[in-house]
Amino acid sequence: MSSSADISRPKPARGNIASWFYVSPLVLVLVPFFVVPILVVLVASFLENDAYGGIVANFTLANYASVFTSALTWKLYLSTIKFAVMTWVLSLGIGFWIAYFLVFHVRNQLLAIGLFLLCTVPFWTSNIIRMISWIPLLGKNGLVNSALMATGVIDQPLEFLLFSDFAVVVAYAHQLTIFMIVPIFNAMSRIDKRTLEAARDAGASRLDIMRHIVVPLSRNGIALGSIFVLSIVMGDFFVVKVMSGGGSASVVSALFEDIAVLQYPPAAAAAVVLLLVVVVMIALILRTVDVRKELAR
Amino acid sequence: MSERIDTKKVTTAVDGEVAAPEGVDGTRRSILKGAAAVAGVAGAQAITGFPLIWSQEIKNIELRHVGVSYSVVKAIGDQASKDLGFKVTMQNLDTSASINRFVTQPNTVDIADVEGWQAKLATKRGVLQGIERKKIKEFENILPIFTKGELSGKVVSRQGISPYEAMYISKPDATELHEGVTDWCTFLPQVYNADSIGYRPDLIKKPITEWKELINPEYKGKAAILDVPAIGIMDAALCFESAGEIKYGNKGNMTKSEIDFTINRLIELKKAGHFRATWTTFDQSVQLMAAGEVIIQSMWSPAVAAVRVKGIPCVYAPVNIKNGKEGYRGWCNGMALMKHLSGKKLDAAYEYLNWYLSGWQGGFVARYGYYSPVPSTAKKFLSANEWDYWYEGKPAKEAILDPYGVAMEKAGAKRDGGSFVERVTNISCWNTLMDEAQYMNKRWNDFKVA
Amino acid sequence: MNATQASIADLAKRTRRAAKYRDENRRPWTFWVLVALFAAYVLALYGPMLCIYVLSFQDLRGGLVFPMKGLSLHWFVDLFTQVRTGDVKGGFERSIILAILVTVLTVVGSFMAGLAFRRRFRGDGIVFYLMIGSLVAPGLVLGIGIGLLFQYFGLTASWYTSALGAQLSWTLPFGVLVMFAVMSRFDRAWEEAARDLGASRWQIIRMIVIPILAPGIVAVALFGFTLSYDEFSRTLQTSGPLNTLPLEIWSMTLNVTSPSLYALGTVTTLASFLIIGVCLGAIAVMQKRRSNQSGSQQ
């Protein structure tokens, strides 16, 4: 274990400078490509717009008022959060067991790496191409329906497979499970196998091992994967647009419509609100697993 | 006719793919096969039309033309580069990304592809410069629906933002539109069409000529509209007006109560399960129709053609205006000059604009089903058969090929909707930007989450 | 039975269980369930890919869906010669180069940031939450903001400047978070031991920290590449006059989309399998050689 004396020892001034040197690339990217633009957006959200894409330099809270008082906002968030949660459940349920399988059941390390890479190859094909290919897979004339009908399971093609909430969640899960698998895989592979052996020798059942050793030690990975999945789904617009057949909208897809007609201040206000909401969601997740505290012991 | 057949004059085929067709009898088939060969003739004409003396100076110029993929086509840019001697690069973005780019990063674009309503927006934002009417060679040959707002005496509809309304400004740096003809234009029309409904004639046994059929409960669960708020709501408005449920003051600029009525009816229809989908991409609309998932939907003309290429019957409903209702929804894309262009680059831009209207592009997009605003020059690049089919609405005497040589229509087929004159004079409303756009977007999203 | 007997019975049960697991070669039934799950996952993952592979072999008349039309390599040829609309080849090249740049910079940047956060420093909370903010900011709006800034400062937006920065603002938070998780398991004792043995800081990093953190670094590289290659909303307004692949394809969807996209999918899959096969094969050969050497040394 690291020496606990680290905490009580006063920080050398050199440590500050060294840390700032190390964190400088991150800061050099964040400032011009996040901080400044988001400040511009923040300022724009407090200004009026003139219906022709122009911004009038009058301070107003009307944009935020319309965001908070309209029932549409609640419905959009509900819809987006619903997708986020469903995707999270699916990707966690599948991702956890895939990671577990690869770490603990595949004995040959090279084989484990090979199987893992097998799962990543589809992601070398652009996301949009994969999105387009859902139609020949799930459509009425698609592979799935044809296979089901050929084997006699159904006699009418299933309509809900495409252009529905089902299709949206499937597309998200397809795209994002890998973001669950990788952190959980990393976390699990750090678990000392001897701990498991010792537990087994002590006669613990596999369920016990799972509950008391594997899951707590992979908490980090699960939290990380959840953060990734959640933030991507909350910020997405074109998966919902394309896969739901226009049946659903998300917070960002509504933003997209405003931007299409250059209504910047309302879009800015909605963006700022979304930013705050998701940051809070992530802060809550981080509360369960304080990644920073674990790091800077 | 005979001058086109005498392609022996052309020794180099422009595209390099197709050799100059042989044979003095010059069958139309070989001409059809070689759109390149035809272009080769015209290319030679075009090149000699421009001053040689400064072609040396402009070799290093690059014009960036940015816009949507059905109007800013790479093949057109390549052809222009060949004919004009300087580089024309095309960049494709979707409609909303384009207008955002023009307004927030004007220095990265040279020629902007704008719809009529976008030209109005861009002008108000001051990112365009006026196009000098005198410098455009073919200006007088542009269809008067754009330049004068009327055709053969019939005044073109002013619902929505018509190209005529968006076209003129009083001086080159004005930020307000001018009503009436002036010497300065905001944009030059480049490609346009009149949209209506597509349907499966084998699954719907009667001919459709009215918008109200789109909301006919008989087709419940098998209808679709498109997922662009400003367009979708106008299609819906055409349906409700056709069904006699409401009379709009201006379908292209609705009042709040008209918007509420339209959206609430749409929500009702959605909850009743009337719509199978609201489509977002071109291919989605093709897929929905071709697979029979929908049998009637708002569609774009080339999508109908794409369904027919698959061997599945699909008809583009002729929705001529009758009883003060019905009519097509028109749109027009055009080229605008960005404000920062000056000097040699500006000269090159004018050369490009002139080249664009000189016909090659017209012939090219015709085979997609889009019309050229200067039909007289486009005619030079289409065979008589193609002209009859695409523009005159007459039955084709031979098979019609798509821009890449794949047969799409058999001999005897007739284009839906009749001649182009018939279609454009029956336009009821144009693609638009409403005063209540923000409110309309909000209500459209209500429809989406319903 | 009394307490002693109960505890003896319990001990016996646990010993039997332990003895069962001691037989290393026996696979529990759960193994087969997990194999089935894995197979199902891979099948689901490759489902859309399958459609892509099959449909990419259509001939000139082909569309994007079944039924399939003909059998030919037409779309592969089209992919490389670009007869149809869309600059797929150019977009692909730019996306790949951009993704590689982003991957390298993300790995370096996250690794360094991970090192920085190993101890508390002044302002670390602010940097951390700014990073989280950058992760979740809606890309569409941020992209417009970045574009505006470039315009204001008279810089030209392009795929290797503004788009690179925009994508880094998206991938660095991912990378740093992964680094956090990986580094938190890193035992400082090894570092201290190396320091006691006289290694310099750079040597410690090179020979101890990096090799141990290698799986994490690989994860960061993987994320960096995937996120950049598919990145759409931030790149939409920051790409400048040339499109990356996702932008190009998205714009093509307003028009007839050609199956050359599918051909691209097939080609990239073949290329990836080739690269992976070669790498794994090389590793296997090296491992075998190493074990032969150590075997012969005995």
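Predicted model: local features only at pLDDT ≥ 70, side-chain atom pairs only at ≥ 80, totals over all residues.
Residues are numbered from 1 along each chain as its sequence is written, and chains are lettered from A, and ligands numbered from 1, in the order in which they are written.

**Interfaces of chain C**

Start with chain A. Here 118 residues of chain C are in contact with 108 residues of chain A (contact: heavy atoms within 4.5 Å). The buried area is about 10500 Å², with 75% from carbon and sulfur atoms. Buried area is the accessible area (1.4 Å probe) that two parts lose on being put together, summed over both. Ten residue pairs make polar contacts across this interface, both residues at pLDDT 80 or more. A polar contact is a pair of N or O atoms within 3.5 Å; within protein, one must be able to donate a hydrogen and the other to accept it, and residues adjacent in sequence count only if both atoms are side-chain atoms. Helix α2 (residues 29-55) of chain C gives the largest share of its side, 18 residues. Helices (H or I, at least four residues) and strands (E, at least two) are DSSP runs, numbered from the N terminus.

Now chain B. Here 33 residues of chain C touch 30 residues of chain B. They bury about 2900 Å² between them, 56% of it on carbon and sulfur atoms. Again there are ten residue pairs in polar contact, both at pLDDT 80 or more. On the chain C side, α6 (139-152) and α11 (245-252) are the elements that give two or more residues.

**Two helices of chain B**

Chain B has 18 helices and 18 strands. Of its 450 residues, 66% are buried (buried is under 20% relative accessible area, exposed over 50%, partly exposed in between; 1.4 Å probe, protein chains only).

Helix α13 (residues 343-356) of chain B has ten of its 14 residues buried. Among them are Trp355(B) and Tyr356(B).

Helix α10 (residues 256-271) of chain B reaches 22 Å from first C-alpha to last. Its buried residues include Ile259(B), Leu266(B) and Lys270(B). Their cover includes α9 (229-242) and α18 (437-449) of chain B. Gly273(B), with a positive phi near 80°, follows α10(B).

**Salt bridges**

Side chains of opposite charge can pair when their charged atoms come close. A salt bridge is a side-chain nitrogen of Lys or Arg within 4 Å of a carboxyl oxygen of Asp or Glu.

| N side | O side | N to O distance |
|---|---|---|
| Arg130(A) | Asp230(C) | 3.2 Å |
| Lys241(A) | Asp227(B) | 3.5 Å |
| Lys397(B) | Asp388(B) | 3.6 Å |
| Arg120(C) | Asp124(C) | 3.3 Å |

The count between chain C and chain A is one salt bridge. Lys241(A) lies in helix α13 (residues 238-243) of chain A, and Asp227(B) in the loop between β11 and α9 of chain B. Both Lys241(A) and Asp227(B) are buried. Asp388(B) is buried at 14% relative accessible area, whereas Lys397(B) is exposed at 60%. Arg120(C) is partly exposed at 40%, and Asp124(C) is buried at 9%. A network of salt bridges links Lys140(A), Glu159(A), Arg276(B) and Glu293(B).

Note on methods: Heavy atoms only, no water. Expected span 1.5 Å × (residues − 1).
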